[in-house]
Amino acid sequence: MPWTAAGRTLVAAVLLFLPAPIVIVVMSSFTARGYISFPPGELSLRWYAEFLASPDWLMSLVVSLVLAALAAAFSTLIAFLGALVFTRKRFPGAAGFETLVLLPLIFPHAALGVVMLGMAGMFGWTGRFPGLLLAHVIMTVPYAWRPIVSSLRKLDLSTEEAAMSLGARPLYVFRRVTLPLLRPGLVTALLFTFIISFDEVTVSLFLVGPDVTTLPVRIFAHIQDSGSPVIAAISTVLVALTVLVVLLLDRLIGLELFVESEQRRRPA
Amino acid sequence: MRFGRLAWLLMLPLAAVLGLFLVSLGALVWSSFAGADGVPKLDLYARFFARRDYVDVLVRTLWVAGLTTLVSLAIGYPVAWAVARHKGRRDWLLVLIILPWLVSVVVRTYGWIVILGNRGLLNAFLGWLGVVDTPLKLMFNTTGIVIGLVHVFCPFMILAILAVFLHLERSLEEASMSLGAGPWQTFRKVIWPLSLPGVISGTMIVYLMATGAIVTPLLLGGLRDRMLGTQIYQEMFQVFDFPRAATMAVILTATALAVVLPLGMLERRVSRNLKGAS
C-alpha cells in the first residue's frame with residue numbers, strides 16, 4: 001500500500017480527532033465560568049458540586065447504573081442458557097434461530113425506538129422502568145450471545161467427560177469445570193452489555209418518562225435547553241465510568257476482543 | 001454434559017424475549033397499514049410520499065448516511081492499516097479508537113457543540129488567526145451533522161477493516177513486492193481485494209447506524225435540517241402521532257435494509273471466493 005507522509009498525517013489526525021471532543025468536554029467541566037467554554041479559564045469544581053447537590057441528576061445516575069447492571073445480568077443469563085442448548089443440541093432451523101437472536105442489530109435505532117415504545121405500551125410500561133429494562137435486554141442480547149457462543153464452541157467437551165468418568169456429578173462438573181472455562185466469554189458479555197446499556201440513548205429516548213430518566217437522556221434534554229457547564233461535569237462522570245469498564249475489560253480479556261467481536265458483528 | 005428433554009426449557013427465556021420482539025415488530029408494521037375502519041390501507045404511506053417536506057427528509061437521510069459512510073471509509077481504511085502494521089504494542093492505538101467509540105453518543109456530540117458552535121473553539125481559533133471575520137456556520141446544517149456522525153460511527157469502520165487486516169500475513173505484501181509489483185499495484189491487486197469483507201461489513205454497519213441516528217442530527221443539525229430519525233422523534237413527542245411515526249419507522253427500516261441486505265449477500269460471496277482461492 002502506498003505509504004506516504006500524507007497517509008501518516010491523515011492517520012495521526014484521525015487518532016487525534018477521535019478522542020478530541022471527549023477531552024474537550026472533560027477539560028471544560030472544570031471551568032469556574034457560568035457558561036461552557038474552552039479553554040476553561042480559571043479552574044473550579046463548582047459544577048461537580050452542583051451535580052452532587054441535584055437530586056434529579058443523581059437519580060438519573062442511579063437509574064442508569066441499575067438499568068445497565070440489570071440489563072447486563074439478564075441478557076447474559078438469557079443468552080447463556082439459550083447458547084448452552086444451541087451449541088449442544090442439533091435442531092432444525094438452528095441457523096434461522098441465530099439470525100433471529102441477532103435480528104435487533106439490523107434495525108436503525110430510530111425505528112427500534114418506535115418498536116420498543118409499542119412493546120412497552122402493550123404492558124402499560126410506557127415511560128416506566130420495566131419498559132426500559134425489557135428494551136435494553138433485547139438490544140444487548142446479541143452482544144452477549146456472540147462471546148458466549150464462541151467460548152462455548154471453543155470448550156472441549158472431553159474435559160467434562162473426563163471429570164464425569166472420574167466420578168464427578170453433573171452439577172459439580174458444571175460448577176467446577178464448565179463455568180470456569182467459560183468465564184472469559186461470560187465476563188466479556190457482562191461488561192460489554194453493561195457499557196452498551198449504560199451509554200444507550202437513542203432507543204431510551206422513546207422509553208423514558210417523567211419519573212424515570214437515564215443519565216444520557218437527561219444530558220440530551222439539557223443540552224437542548226441550556227448551556228450550563230454542569231452538563232460537562234456530568235458527561236465527565238459518564239466518561240469516567242465508561243473508561244473504568246473498558247480498563248476492566250482490557251485487564252481481564254484484552255482489547256483485541258473488540259476487533260474480534262467486530263468481525264463477527266455481521267448483521268444477518 | 002448430556003442434556004435431557006428438559007434442556008429445552010433453558011431456551012425458554014431467550015425464545016420468549018425474541019418472540020416479544022417479533023410480536024412488537026408485527027404490531028408496528030400493522031399499525032402503519034391501519035386505516036380508519038381497521039381495514040389495511042396504504043393511506044399512511046401515500047400521505048408520507050405526498051408531502052414534499054417528508055420526501056426531502058428521506059432524501060437527506062440517504063444522502064447524509066451515504067456521505068458519512070464514504071468519509072468513514074476514506075479515513076478509517078488508512079487508520080486500520082496503520083494500526084495493523086504498527087510495529088510494537090498496539091494497545092495504545094486501540095485505546096484511542098475503542099474508548100471514544102464506547103463513550104456515549106450524547107457526550108461526544110456535546111463535545112462537537114463546544115468545538116463547532118458559533119462561539120466555539122474552532123471559530124474562536126480561526127478568528128484569533130484572523131482567517132475569518134464572521135464565524136463560519138459549522139453547526140445547525142448538514143456539515144455539522146456529517147462531522148458528528150463520522151466521529152460517532154467511523155470506529156465501527158476502523159474495527160471492521162482492522163479485523164480483516166489482523167489476519168493478513170505481512171508476507172503477502174512482501175511476496176507481491178518481490179514478484180515485481182509496485183506498492184500501488186500490490187494495494188490494488190492484493191490488499192484491497194482481501195480487505196473487501198471488512199470494508200463491506202464496515203459499510204453496512206456505518207450506513208445502518210447513520211440512517212437511524214437521532215441525537216447527533218438533532219443536536220448538530222437543529223430543527224431545520226431534519227433526518228428521518230429526528231422526524232420520527234418529533235412526530236412521536238411533539239405531534240403524538242404514533243401511526244405516522246410507525247409508518248416512518250417502516251420506511252426507515254426498508255430504506256436501510258435495501259442497502260444492507262444486498263451488501264450482506266455480497267460480503268458472503270466475497271468471503272466465500274476468498275476462502276475458495278486460498
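**Exercise 1.** Determine how helix H8 (residues 157-165) of chain A crosses helix H9 (residues 170-199) of chain A.

*Solution.* Step 1: the two axes (lines fitted to C-alpha atoms over the stretch in contact, with angles from 0 to 180 degrees between N-to-C directions) come within 10 Å and cross at roughly 140 degrees. Step 2: H8(A) is therefore oblique to H9(A), given that under 35 degrees counts as roughly parallel, over 145 as roughly antiparallel, 65 to 115 as roughly perpendicular and the rest as oblique. Helices here are DSSP runs (H or I, at least four residues), numbered from the N terminus.

The model is predicted: local features need pLDDT of at least 70, side-chain atom pairs count only at pLDDT 80 or more, and totals for chains, interfaces and linings use all residues. Residues are numbered from 1 along each chain as its sequence is written, while chains are lettered from A and ligands numbered from 1 in the order in which they are written.

**Exercise 2.** Which residues of H8(A) and H9(A) meet?

*Solution.* A:Thr159, A:Glu160, A:Ala163 and A:Met164 of H8(A) meet A:Val173, A:Val177 and A:Thr178 of H9(A) (contact: C-beta atoms, placed from the backbone, within 7 Å). By class, four are nonpolar, two polar and one charged.

**Exercise 3.** How many residues does each chain bring to the contact between chain A and chain B?

*Solution.* Chain A gives 73 residues and chain B gives 81 residues. The chain A side divides into 55 nonpolar, 10 polar and eight charged residues.

Technical notes
Contact = placed C-beta atoms within 7 Å. Nonpolar A, V, L, I, M, F, W, Y, C, P; charged D, E, K, R; others polar. Helix = DSSP H or I, 4+ residues; strand = E, 2+ residues; numbered from the N terminus.
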